[in-house]
Amino acid sequence: MSNENRKKAALHSLGCKVNAYETEAMQQELLEAGYEIVPFSERADLYVINTCTVTNIADKKSRQMIHRAKKLNPDALVVAAGCYAQIDPKRTEADDAVDLVIGNDQKHDLIRALAEYEKTGKTEFITDISRPDRTFEELHLSHPAKHARAFVKIQDGCDSFCSYCVIPYARGRSRSRAPERVIREVEELADNGFAEIVLTGIHISSYGTDPGISLLDLIRRIHEIDGVKRIRLGSLEPGIITEEFVLEIAGMKKVCPHFHLSLQSGSDTVLARMNRNYTTQEYLEKCDILREYFEHPALTTDIIVGFPGESEEEFSATCDFVKKAAFYEIHVFPYSRRDGTAAARMDGQIPGQVKSERVRQLLAIAADLKDQFESWYLGRQVEVLFEEPVTKNGERYYTGYTPEYVKTWLRTEECLQNRIITVEFSGQIV
């Protein structure tokens, strides 16, 4: 089929890395079906929006992108997929800008859904994702947009039911991808030149309950694949960090010493209201274990400020804790109410101005901690996986990341894309 006759498709992903992976997998489905992929800002015949529903604001952004697509081409077919669509399919389908609704375990069937829509006019492909017998939705990605790192989804769903989170209702209960399928995808990615594999999921710490293999076993098997140079783990829950687990991964040289441990608050009373099921002391012990087995691991985290009822004392406890934990990076979010969660019904909702000020204070602390962490590397030799060229101050650089995910710049005219090179760390270029 000539380019002039090919239908054009544009995709947009909101929210998490899992959504980003799934969007790229759907894009690959469309390419294989003969579609031409164009930027979302361009006129297309088909728009696919992989939506997010983690907060009320995420819902609003999802609706905005759906309406933007319809404005770009009123005659286009607009598909609302993912979490926002899954949570309330009737509301989504009732939106005049939406033509087709696809749930969180139907994305692998995008092409079939499009064909059925054209043939019968069926507009909704949603199943009950909360059923305990749900299995992992198999998506496959062999050609990600990135040219050095490739995300591989190994798990979906969550059983934690934190009081602020709607994701267990949007994604269903935890379920794991069969290890053979993970290995097959990783081998294909390695054959296609991807040096770094990032294992991702909604709650990858729970990987292994259904296929009868643990996350540790999966990492071991990926470590044996010759073409893989690095293995980076996605967000982990503190509970998985045991001496046995860390001792094993410390012995696998491809595993990056970069650990994103979900925290959410540095106050024990706030953690209890969040239903997080650990204390700050227990969390700190996990950090100590990682630092015992890795020389200078990068510990990163997420923190929600302004959770309902958060007092000045509780916020101060969070500030003190992050200094004690000495994080490399902190992703700071103001609490955003999400209808349907226990936290949305709690008393003591914090005013927006107070939340904004607390975000500002915590980001200032985070910036200092980041500088302290990176200063350790000054003058040291670091191994960098280079990803892309940039021009800064009129000069050409290649940027890449160390195993700890510290961004590094090298002034060069040479193409270093997807190459791992040892260089002297000299800090960021400003």
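## Strands 7 and 8

Strand 7 (residues 149-156) pairs with strand 8 in the antiparallel sense, over two bridges; two strands count as paired if DSSP finds at least two bridges between them. Strands here are DSSP runs of E with at least two residues, helices are runs of H or I with at least four, and both are numbered from the N terminus. Within this pair, Asp156 has Arg175 of strand 8 as its bridge partner.

This is a predicted model, where local features need pLDDT of at least 70, side-chain atom pairs count only at pLDDT 80 or more, and totals for chains, interfaces and linings use all residues. Residues are numbered from 1 along each chain as its sequence is written, and side-chain values use heavy atoms, with hydrogens and water left out.

## The mixed sheet and its helices

Zooming out, the open sheet has four strands in the order 8-7-9-10, with mixed pairing. Its edges are strand 8 (175-176) and strand 10 (230-233), each pairing on one side only.

Helix 7 (residues 179-191) packs on this sheet and touches strand 7 and strand 9 (196-201), contact meaning heavy atoms within 4.5 Å. The direction of helix 7 makes about 175° with that of strand 7. Axes are lines fitted to C-alpha atoms, for helices over the stretch in contact, and angles run from 0 to 180 degrees between N-to-C directions. Helix 8 (residues 215-223) lies across strands 7, 9 and 10, at about 160° to strand 10.

Strand 15 (residues 395-401) is joined to strand 16 by five bridges, and Thr399 has Trp409 in strand 16 as its bridge partner.
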